[in-house]
Amino acid sequence: MISAVLQTSFLGDMVLTTPLLERLAGEGLVHVVATPANAAVLANHPAVASVIVFDKRGADRGIGGLRRVAARLAATGAQRAFLAQGSSRTAALAWLARIPERVTFDTSGGQWLTTRRVPYDRTQHHAVRLWQLANAPGDRTVPTALRPSLYPGGTENAAVDTLLAAHGVSEQERLIALAPGSVWATKRWPSYADLAAALVRSHTYASTRLVILGAAGDAPLAAAIVQAATAARPDAPPPIDATGKLSLLGSAALLARCAVLVTNDSAPLHLASAMNTPTVAIFGPTIPAFGFGPLAERARILGRETLPCRPCHAHGPMQCPMGHWRCMRELTATDVVAGVAGVVG
Ligand code: SF4
């Protein structure tokens, strides 16, 4: 059975789709429709036969682009399509490709273009929900354990080797990763610089190097962290600013070498889950019950659980609607240091 999986959402969603890809690969070839950015993280993945890039906001915009991508999808010979993103556009894509079986969630757009709807189970992790798309009709099976997977290759590992060598990182040094960014402003915990200062001052983390992960746009956040850590311990090697210096799969390769990642509710959290890197996840306006918590074996979730305004948004608003932003401001560096100790000792 040849399958197609259509996932053109955010990076985290793509990573969380990998257990579904692995499940389907046990039954035949799996072709994936992905955005240009997300296509790159599927490189080397053994469950993926091919990736069809759908640049829905660029080269493949409009009906002409949809038809072009549909033709490429049809050429795979897929007999069934799983609409992991759940938009009308991806439903139209599978329909235009004339894939006989088209499966989506019962909450998704474009249902009239599909042939089967699967319940969107809000009690489950999103990776589980996606995995359940392949359940037979009426089957509500839940996997016992699930973790996403990524496969950084030689190129990505060489880039990490080069980065670490350039900063003189020794074999003995333990790496602690910090990922201070997020697309949504209220999801950016504001005390990473305080955390970095606390970690470099602590004897517990004496032979530890901090490394800051993120996109190029996160460089100002990284600069503030480097400045705070350097001011706290001028005699220690400064943190490594890796923002914008590695590909997404390169970031995964780096995370595989880290003792722990401290992150907001954002894409690096899911990269760490895929690499089974111990994770401290900071949730503010969103909550893990939405289905996007860490899946690494060792993880701590931090958040102001009793705050009555929380959660306030599915993704996280750009500004706090209450104006006080207590969900993030009231989480201290001391709280997070305790979280780090909880996963790495
Ligand atoms: S309303 Fe509450 S949960 Fe939402 S951003 Fe503000 S403090 Fe956080």
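Let's start with phenylalanine 105, which is buried in this predicted model, with a relative accessible area of 2%. Who does its ring pair up with? A search of the whole structure turns up three aromatic pairs. In one of them, the ring centres of phenylalanine 105 and tyrosine 120 are 5.0 Å apart and the planes meet at 85°, so this pair is edge-to-face.

Now look at where the two partners sit. Phenylalanine 105 belongs to strand β5 (residues 101-105), while tyrosine 120 is in the loop between β6 (116-118) and α6 (126-131), so the pair ties together parts that are 15 residues apart in sequence. Is tyrosine 120 buried or partly exposed? With a relative accessibility of 21%, tyrosine 120 counts as partly exposed, because the cut-off for buried is under 20%.

Next, hop over to tryptophan 189 and tyrosine 192. Their ring centres are 5.0 Å apart with planes at 75°, so here too the label is edge-to-face. Both tryptophan 189 and tyrosine 192 are buried.

Rings can have a charged neighbour as well. Arginine 23 lies over the face of tryptophan 131, and the distance to the ring centre is 3.7 Å.

Finally, find the ligand. Where does the ligand sit? You'll find it in the largest cavity. The residues around the ligand include the cysteines Cys309, Cys312, Cys320 and Cys327, along with Pro285, Pro321, Met322 and Trp325. Arg310, Arg326 and His324 are also part of that surrounding group. Sorted by class, the shell around the ligand has eight nonpolar residues, one polar residue and two charged ones.

Notes:
Residues are numbered from 1 along each chain as its sequence is written. This is a predicted model: local features need pLDDT of at least 70, side-chain atom pairs count only at pLDDT 80 or more; totals for chains, interfaces and linings use all residues. Side-chain values use heavy atoms; hydrogens and water are left out. Rings of Phe, Tyr and Trp (its six-membered ring) pair if their centres lie within 6.5 Å; planes under 30 degrees apart count as stacked, over 60 as edge-to-face and the rest as tilted. Helices (H or I, at least four residues) and strands (E, at least two) are DSSP runs, numbered from the N terminus. Buried means under 20% relative accessible area, exposed over 50%, partly exposed in between (1.4 Å probe, protein chains only). A charge sits over a ring if NZ of Lys or CZ of Arg is within 6 Å of the ring centre and within 35 degrees of the ring normal. A residue is near a molecule or strand if one of its heavy atoms lies within 4 Å of it. On a 1 Å grid over the protein atoms alone, a cavity is a set of points where a 1.4 Å probe fits but cannot get out, and a pocket is an open set with protein on both sides within 12 Å along at least five of seven lines; lining residues have an atom within 4 Å of a point. A molecule sits in a cavity or pocket if more than half of its atoms lie within 2 Å of its grid points. Ala, Val, Leu, Ile, Met, Phe, Trp, Tyr, Cys and Pro count as nonpolar, Asp, Glu, Lys and Arg as charged, and the others, Gly among them, as polar.
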